[in-house]
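Keep the sequence and the model in view while reading. The text starts at the contact between the two chains and then turns to single residues.

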There are 2 protein chains.
Amino acid sequence: MRRILAHTFTSVSLAAILGIPSPAVAQTDPLASWNDGAAKKALVEFVRATTTQGSATFVPAAERIATFDQDGTLWVEQPMYAQVVYCLERVPALVKAKPELANVEPFKTVMTGDRAAIAKLPKEDLYKILGATLSGMTVEQFQSEVKQWLASARDPRWKRRYTELTYLPMMQVLEYLRANGYKTYIVTGGGQDFVRVYAQDVYGIPPEQVVGTAGGVKYEYGKTGRPFLTKEPKLLLNDNDAGKVEGIHLVIGRRPYAAFGNSTGDQQMLEYTRAGSGARLEMLVLHDDADREYAYGPAQGLPVTKVGVFTPALFAEAKKNGWVVISMKNDWNRIFAFDKSVAKR
Amino acid sequence: MRRILAHTFTSVSLAAILGIPSPAVAQTDPLASWNDGAAKKALVEFVRATTTQGSATFVPAAERIATFDQDGTLWVEQPMYAQVVYCLERVPALVKAKPELANVEPFKTVMTGDRAAIAKLPKEDLYKILGATLSGMTVEQFQSEVKQWLASARDPRWKRRYTELTYLPMMQVLEYLRANGYKTYIVTGGGQDFVRVYAQDVYGIPPEQVVGTAGGVKYEYGKTGRPFLTKEPKLLLNDNDAGKVEGIHLVIGRRPYAAFGNSTGDQQMLEYTRAGSGARLEMLVLHDDADREYAYGPAQGLPVTKVGVFTPALFAEAKKNGWVVISMKNDWNRIFAFDKSVAKR
């Protein structure tokens with residue numbers, strides 16, 4: 001998609017520079033996997049309003065910031081966040097390195113491999129697992145372990161790499177906004193260091209544009225004669241709920257013009273975006289397609305790993321505030337790049 | 001300088017596109033305020049090594065990151081950091097709002113206006129003043145107060161705005177690196193929120209490329225029906241010494257290829273930069289020009305506000321590690337944009 005857009009634009013600019021009429025260029029819809037409807041219209045209208053020179057709501061290029069939640073917004077989050085699966089699968093190696101953990105909860109339960117019991121672990125236990133498996137190594141070691149895991153792990157339903165489970169329509173939104181001068185950021189409750197490992201390859205988003213839950217790192221000039229950073233079990237930023245706005249301030253220092261989410265954990269980011277002046281866009285992905293992906297919400301018992309869901313209260317907020325709700329079922333004619341079937345409505 | 005470069009480049013590209021030979025364009029030295037010497041040569045050689053296609057040390061554009069300390073590296077830090085002056089001058093307003101502080105140290109001493117006594121305050125007292133004057137307001141209030149102060153405050157020696165006291169040769173380095181595809185970051189012990197207020201106007205560096213000492217902010221959906229962020233007296237990141245590397249990891253997530261500093265507070269950032277593979281550049285500004293700026297170092301009694309200095313130990317590190325020491329006296333033929341006199345050596 002990026003290549004097609006770049007080609008189209010280059011032709012147009014060259015033609016303009018040379019003062020010759022541009023030849024008929026095949027018009028490629030940058031949002032081809034979106035059905036016509038209110039959601040697609042809102043996207044196109046927002047870009048028109050903020051990028052048309054002379055428009056009252058024109059936004060200078062430097063201020064064009066768009067923020068995207070990841071889990072459930074850019075890729076599949078069911079039945080469990082990919083990063084949580086990663087952490088659970090790191091536990092055996094952790095217990096091998098620290099045998100004293102074998103009889104300590106929650107590691108003991110994880111070591112049984114009993115998925116039902118693991119899913120029932122309280123949130124505090126989950127945090128213990130995350131803290132223990134995401135710290136104690138150098139940043140480089142961690143990056144290499146995550147890369148290795150992403151290459152071999154497969155999700156339980158499609159038997160594909162987690163990085164293949166991105167939503168094609170959202171990838172098109174990322175490209176579309178970037179082609180219109182927007183800087184795209186991920187603002188995720190997931191680990192900043194984790195997502196940065198693959199964000200460039202998967203989303204075209206460089207590490208410095210990933211804001212996430214961040215643990216401390218410690219700088220040491222090691223005995224090896226080489227300085228290194230070690231990941232510490234210390235929480236610097238919980239990038240969920242109000243923490244998303246605080247993380248945006250810390251790392252970006254600007255209010256977004258567009259924000260995308262799918263759960264209560266994104267509500268504050270959308271409120272903060274909405275509160276800015278001029279044309280703003282807030283969108284929420286609603287998972288209502290059990291056939292092609294999942295249908296879930298408050299009615300369904302969600303596993304322990306869910307920190308935010310699309311509640312009726314969030315739905316009411318969306319209505320009240322003019323946030324656009326994206327129906328996966330109705331607004332997206334394709335969900336995944338690997339699935340070529342097109343469901344026009 | 002930016003306008004000149006942009007103009008030159010546009011001409012060249014247009015000529016290339018149109019297939020006509022480019023007219024003789026006046027060659028403007030992008031580092032005109034640098035005397036020929038080892039420092040200037042190191043800059044030019046670094047850019048050549050990392051941006052020449054096919055060079056063994058070529059660096060892809062996305063990875064071209066350069067980090068700059070601010071105080072003493074990009075602008076004057078004597079006799080006191082501008083931000084510390086700001087905080088001291090905020091104390092009367094603070095005491096007016098909270099009269100109970102009038103008889104509490106260190107506010108009591110600051111209220112006397114006795115500069116010698118203020119300069120003698122221990123570092124802990126300074127932190128108390130910073131914490132109290134840099135928190136308790138919304139982010140927007142803070143930004144507006146800093147802007148107002150910067151417009152009216154004058155430094156004691158040149159009677160100019162602090163933002164005029166930037167070093168012209170370093171402004172040229174920023175432009176030169178950017179013209180060669182580098183993303184320039186400020187990595188400062190100063191307040192991230194403070195520096196972000198003027199970094200775009202003064203250095204051409206957008207807020208998201210300023211890493212600094214950061215306090216927490218708290219997101220609240222106020223009674224006003226509008227969400228806002230309040231600055232809290234809670235330290236998130238002390239962006240000095242090892243903290244600079246930790247801050248680079250937090251906000252940028254990449255190792256710099258070039259790093260510039262002037263004190264022991266920058267040593268770790270330079271070590272970390274140096275430890276990367278390929279061609280790297282580390283430079284330290286030495287303040288050895290008492291006539292045109294200041295000459296200072298360990299021999300001189302430094303005010304309480306100095307957290308890092310160019311010590312003999314740092315000098316030894318520079319020698320050992322191949323860091324380039326910039327002599328303001330010998331390497332710079334001009335210091336400030338407002339001073340047109342040129343001292344060629």
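Chain B and chain A bury about 3400 Å² between them, and 57% of that area is on carbon and sulfur atoms. Buried area here is the accessible area, taken with a 1.4 Å probe, that two parts lose on being put together, summed over both. Tyr219(B), His249(B) and Leu250(B) supply 20% of the area that chain B buries against chain A, more than any other three residues.

This is a predicted model, in which local features need pLDDT of at least 70 and side-chain atom pairs count only at pLDDT 80 or more, while totals for chains, interfaces and linings use all residues. Residues are numbered from 1 along each chain as its sequence is written, chains are lettered from A and ligands numbered from 1 in the order in which they are written, and side-chain values use heavy atoms, with hydrogens and water left out.

How are the two copies related? The same surface serves both copies, since 100% of the contact residues of chain B recur in chain A. In numbers, 37 residues of chain B are in contact with 37 residues of chain A, where contact means heavy atoms within 4.5 Å.

Across it the rule finds 6 salt bridges, each a side-chain nitrogen of Lys or Arg within 4 Å of a carboxyl oxygen of Asp or Glu. In one salt bridge, the side chains of Lys183(B) and Glu208(A) meet at 2.9 Å, N to O. Between chain B and chain A, 24 residue pairs are in polar contact, with both residues at pLDDT 80 or more. A polar contact is a pair of N or O atoms within 3.5 Å; within protein, one must be able to donate a hydrogen and the other to accept it, and residues adjacent in sequence count only if both atoms are side-chain atoms.

Several elements of chain B give two or more residues to the side that touches chain A, among them α1 (2-18), α7 (139-152), β3 (210-221) and α10 (242-251). Helices (H or I, at least four residues) and strands (E, at least two) are DSSP runs, numbered from the N terminus. The largest share of this side of chain B, 6 residues, comes from α10(B).

Arg255(B) lies in the loop between α10 and β5 (258-261) of chain B. Arg255(B) is buried, with a relative accessible area of 14%; buried means under 20% relative accessible area, exposed over 50% and partly exposed in between, with a 1.4 Å probe and protein chains only. The side chain of Arg255(B) makes a polar contact with the side chain of Glu140(A) at 3.4 Å, and also reaches the backbone oxygen of Tyr272(B) at 2.7 Å.

Gly222(B) is in the loop between β3 and β4 of chain B and counts as buried at 15% relative accessibility. Not counting residues up to four places away in sequence, Gly222(B) touches Pro227(B) and Phe228(B).

Chain A has 13 helices and 7 strands, and buried residues make up 56% of its 345 residues.
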